[in-house]
Every structure is written in C-alpha cells, then in structure tokens.
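Here are my notes after a look through the model.

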Amino acid sequence: MSILITNANIITATDNYVADIFIEDETISSIGKNLNLKADKTIDASGKLVFPGGIDPHVHLDMPFMGTYSSDNYETGTRAALFGGTTMVIDFILQKQGKSLHAALDEWKSRSDNNCVGDYSFHMAVTDFNDDTKTEIKDFIEKEGITSFKTFMAYKGALMIDDRQMIGLMEEVKKHGGLINVHATNGDMIDYLTQKHRGEGKLSPLYHYLSQPEVTEAEASERFVDMSNYTGCPGYIVHLTCEGALNAVRNATKRNQKVFVETCIQYLILDASLYEQNFEGAKWVMSPPLREKKDQQTLWAGINQGLVQVVATDHCPFKWEQKLMGKDDFSKIPNGHPAIENRMELLFSEGVAKNKITLNKYVEVACTNPAKIFGMFPRKGTVAVGSDADLVIFDPKEKHILSAKTHHMNVDYSGYEGWEVTGKVKTVLLRGQVAIENNECKIEKGFGKFIKRNKVEQKI
C-alpha cells in the first residue's frame with residue numbers, strides 16, 4: 001500500500017515547510033517538492049497542517065481501581081485517541097502487593113493483546129520493591145522493551161512505596177538504562193487531611209481538593225528530585241500541576257540536574273473552582289486535583305522555558321454511575337478524568353491559537369519529546385524519511401464543539417462539555433494505513449502494535 005500526501009504544510013518540533021510525503025507500507029519513503037510518484041491513494045493536504053501522530057505517555061485503560069475499572073478498554077480508548085490525533089499511548093501496569101512484575105505484565109497483556117486499535121506500550125508501576133522484584137528489572141528493560149518504571153509517593157496502603165524502596169529501585173533502574181516515573185505527592189499528609197475532613201463531616205468533592213494542597217505536591221517533588229540527583233537515575237515527574245512543584249525542578253537546574261516533567265491538558269486550562277459545583281465537581285476528581293489560575297500561568301511558562309517537556313492526559317475515565325460511588329464521601333469517588341480524545345485539539349486551540357506556544361513547541365510536547373524520552377525516536381514522534389507513517393492532517397481554522405454526544409470515549413460526560421475548539425483533526429494515518437477519515441475509523445481492533453522501546457534518551 002502506498003499513499004502520497006500532496007501540498008502538506010509539515011510541522012515538526014523544529015521545522016515548518018510545505019512538501020509532499022510519499023508513504024510505502026508502514027513508513028515514510030520520501031519527502032520533497034512536487035514528488036512525481038504514483039501511489040495507490042493520493043491525499044491533497046492543501047490548507048492543512050501535517051504533523052506526527054500524537055503520543056500520550058500517560059493513560060489508564062481497563063485499569064482496576066477502587067473496586068471498579070476505568071471505563072475505556074484498550075479498544076475504545078485507543079480508538080478514541082486516534083479520533084483525536086493520538087496514534088500511540090503508554091499505559092501503566094500495576095504490580096500487586098506480594099506478586100511479581102511479570103505476573104502483572106501477564107495480567108495486563110490479557111486485556112491489551114489483540115484489542116488495541118492504535119499503537120501502545122507500557123510503563124511498569126512498582127508497588128512492592130524487594131529482592132525478588134529487583135531481579136526482574138533487567139529483563140523488563142532488555143527483553144520486554146519496557147524501560148520506564150512508575151512509583152507512587154501517594155495512595156497510602158495501596159500503591160505507595162517508601163523512600164527506602166524508591167532509592168533501591170532507582171539504583172537498579174539506573175544500572176540497566178531505565179527511567180523512574182513518579183506520582184509525586186505526599187501520601188502521609190494527604191491521608192491525614194482526608195481522614196480529618198471526613199471526621200469533620202466535610203464530604204463534598206471540594207474536600208478532595210482541600211486534602212491535597214499545593215504543599216503536598218511541592219514537598220514530594222523536591223524529595224524525589226533530591227533522590228534522583230543522589231542516585232543519578234533519570235527521573236520523570238508525571239502530571240505536575242503547580243508552581244511549588246515546578247519550582248522544585250527549577251531549583252534542581254541550578255545544580256545542573258535534568259528532570260523530565262509532564263503536565264496534563266486539564267491542568268493547563270481548568271481550575272479548582274469547578275469543585276464548588278456540589279457533586280458535579282466529581283467529574284474533575286483526579287489526583288493531583290485541579291489547581292489555581294496562577295498555576296496555569298506557571299505551567300504555560302514552564303513549557304516555553306523548557307522545564308515542562310510533555311503534555312499528556314492521565315486519561316482514566318469513569319462513567320457517572322461509577323463516580324456516584326462517592327456521592328456521600330469524596331474519598332470514595334474514583335479518581336480520573338476523560339481526555340485522551342481531546343488533548344491534541346485542546347492544546348492547539350488553547351495553546352497555539354491563543355499564542356501561548358508555537359506550532360513547533362506544540363509538536364515537541366505532544367509528539368516528539370515523549371518519543372525521545374521513552375525510547376521511540378525517530379521511529380515515532382517526527383515526520384522524516386524512515387519514520388513510521390503516523391501522521392495527522394489537521395485543519396487549523398475549523399471550529400467545533402466538544403461534547404459527550406459526539407466524542408468516542410466510553411464515558412457518558414465530558415470534562416469539556418460545550419467547549420468551542422479552534423482546530424480539527426481531519427485524517428489520521430497509523431503506520432501507513434488510513435485510520436481516521438471523514439470522522440470514521442477505518443481500522444479494526446488488533447491493528448495496534450505493542451512497541452518495544454529502547455533505553456532512555458536523556459538529551460532532549
């Protein structure tokens with residue numbers, strides 16, 4: 001199968017030019033002006049932007065949590081991602097206490113194998129680091145192609161590990177060329193505040209936010225950065241939300257330390273005032289919670305300063321019926337927010353169209369940096385000869401409204417209901433196949449491929 005895309009305004013993390021793109025089978029074969037090549041299919045991209053498929057390195061599909069499962073499985077979630085211009089996701093495997101990492105991998109594969117529409121990989125979340133677990137790290141990096149390991153400094157009694165385990169894991173991961181991802185919030189303090197508010201009968205979603213003040217994230221981020229510096233292990237802070245946490249990273253640069261930082265689209269454009277809507281605020285109960293307007297300003301500045309390298313989603317949707325598990329107690333509301341389909345369009349609309357970031361920066365944080373940090377570049381994350389033909393043809397001027405009535409995520413509400421967006425994904429190619437066209441998905445579940453990743457690229 002060959003495809004010729006003509007008159008493409010190609011955007012990468014560094015370039016902006018007009019050319020034709022010739023695709024043979026799964027990869028880009030040629031890029032040039034006025035290519036005189038015959039193809040099985042020709043797409044005229046006049047007036048459109050063409051950029052690499054988005055990579056969302058933080059999603060939770062079909063994930064067991066708080067007695068239920070996130071409502072998007074690997075089929076619905078990766079399909080919804082494709083509709084929104086994201087061609088590759090990285091999900092999280094959660095180790096069970098007392099069980100091996102490989103047992104967790106087998107469990108997650110039983111749900112993901114042959115069910116993905118788009119491409120995918122995994123991070124390995126280590127919740128019980130011990131002598132047995134330690135021996136598995138090398139295999140995951142060198143044989144499984146899973147090179148990143150998630151740790152939780154929160155969710156006390158469930159997912160949280162202590163600093164002793166963190167240091168031990170960092171030393172082992174560094175030895176074999178991997179990277180540590182961290183949920184950096186102070187679990188002990190959050191647990192104390194949660195119980196305090198519950199004991200006082202303060203049970204609305206607002207108290208989810210008030211149980212996780214900025215200091216809980218700032219303190220944990222500072223501690224993680226210091227441990228990463230001490231061990232020399234590459235560190236990546238997931239879903240960073242606030243000024244205090246980013247200042248911990250900013251301080252680390254003074255000693256020439258490199259820390260990778262991810263924020264999520266919701267933290268750039270939504271704020272904590274949504275929690276004041278009585279139980280409707282449950283739609284935005286996630287951890288960390290939404291923050292203040294001043295934190296949005298900090299995060300946009302951090303992107304432009306190069307301190308924030310990635311914009312992801314932490315997509316972890318629950319239907320309204322599931323959210324109602326916590327109608328009488330905020331601590332029982334499943335934590336999570338649907339955004340896998342909305343990220344690319346919202347980031348363009350709120351970032352590029354409003355002159356907060358450039359087109360090149362947009363591609364950098366949504367596509368290229370995730371590929372570089374997580375060992376997939378230049379196969380993924382750019383438009384170049386030899387790269388996978390994962391491409392988005394995008395109309396930068398088309399306006400449309402986000403709504404649960406029209407999205408493809410398996411959730412019955414939208415965190416962005418009625419939001420007018422400038423910029424629309426029109427056509428998506430995945431490894432040389434037309435995946436989305438005329439608002440229809442053209443490929444079936446099972447087309448998505450597990451992508452083995454290389455060791456960590458620290459220089460971006």
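**Notes on pockets, strands and rings**

1. Let's start with the second largest pocket: strand 17 gives the most to its lining, with 4 residues. Keep in mind that this is a predicted model. The volume of this second largest pocket is about 340 Å³, and 20 residues line it. Nearest its centre you'll find Phe-83, Glu-345, Lys-424, Val-425 and Asn-439. Strand 16, strand 17 and strand 18 (433-437) are the elements that give two or more residues to this lining. By class, the lining of the second largest pocket divides into 5 nonpolar, 10 polar and 5 charged residues.

2. How do those strands pair up? Strand 16 and strand 17 (residues 420-430) run antiparallel and are joined by 8 bridges.

3. Over the whole structure, the search finds 17 aromatic pairs. Take Tyr-74 and Phe-122: their ring centres are 6.5 Å apart and their planes are at 85°, so this pair is edge-to-face. Tyr-74 belongs to helix 1 (residues 74-83) and Phe-122 to strand 10 (residues 119-125), so to speak a link between distant parts of the chain, 48 residues apart. Both Tyr-74 and Phe-122 are buried.

4. Phe-122 has another ring partner, Phe-450; here the centres are 5.9 Å apart and the planes are at 40°, so the pair is tilted. This one also links distant parts of the chain, as Phe-450 lies in the segment after strand 19 (440-441), 328 residues from Phe-122. Buried or exposed, where does Phe-122 fall? Phe-122 is buried, because its relative accessible area is 1%. Phe-450, at 25% relative accessibility, counts as partly exposed.

5. Two arginines sit over rings. Arg-111 lies over the face of Trp-108, 4.4 Å from the ring centre. The charged end of Arg-431 is placed over the ring of Phe-447, at 4.5 Å from its centre.

6. Now the largest pocket, which holds about 670 Å³ of space. Its lining counts 32 residues, and the closest to the centre are Phe-65, Met-66, Tyr-155, Lys-156 and Ala-158. Strand 7 (64-65), helix 2 (101-112) and helix 6 (187-199) are the elements that give two or more residues. Which element gives the largest share of the lining? That is helix 6, with 6 residues. The lining of the largest pocket has 13 nonpolar, 14 polar and 5 charged residues.

7. Of its 16 lining residues, His-60, Met-63, Phe-152, Tyr-155 and Asp-314 lie nearest the centre. The cavity lining divides into 8 nonpolar, 6 polar and 2 charged residues.

8. Last, a look at Leu-210, which is found in helix 7 (residues 206-210). At 35% relative accessibility, Leu-210 counts as partly exposed. Leu-210 and Pro-289 are 79 residues apart in sequence, with their C-alpha atoms 9.0 Å apart in space.

Methods: Residues numbered from 1 in each chain as written. Predicted model: local features only at pLDDT ≥ 70, side-chain atom pairs only at ≥ 80, totals over all residues. Heavy atoms only, no water. Pairing = 2+ DSSP bridges. Phe/Tyr/Trp six-rings, centres within 6.5 Å; stacked < 30°, edge-to-face > 60°. Buried < 20%, exposed > 50% of the residue type's maximum accessible area, 1.4 Å probe, protein only. Lys NZ or Arg CZ within 6 Å of the ring centre and 35° of its normal. 1 Å grid on protein atoms, 1.4 Å probe; cavity = no way out; pocket = protein on both sides within 12 Å on 5 of 7 lines; lining within 4 Å. Nonpolar A, V, L, I, M, F, W, Y, C, P; charged D, E, K, R; others polar. Points joined across faces, edges and corners; volume = space filled by probe spheres on them.
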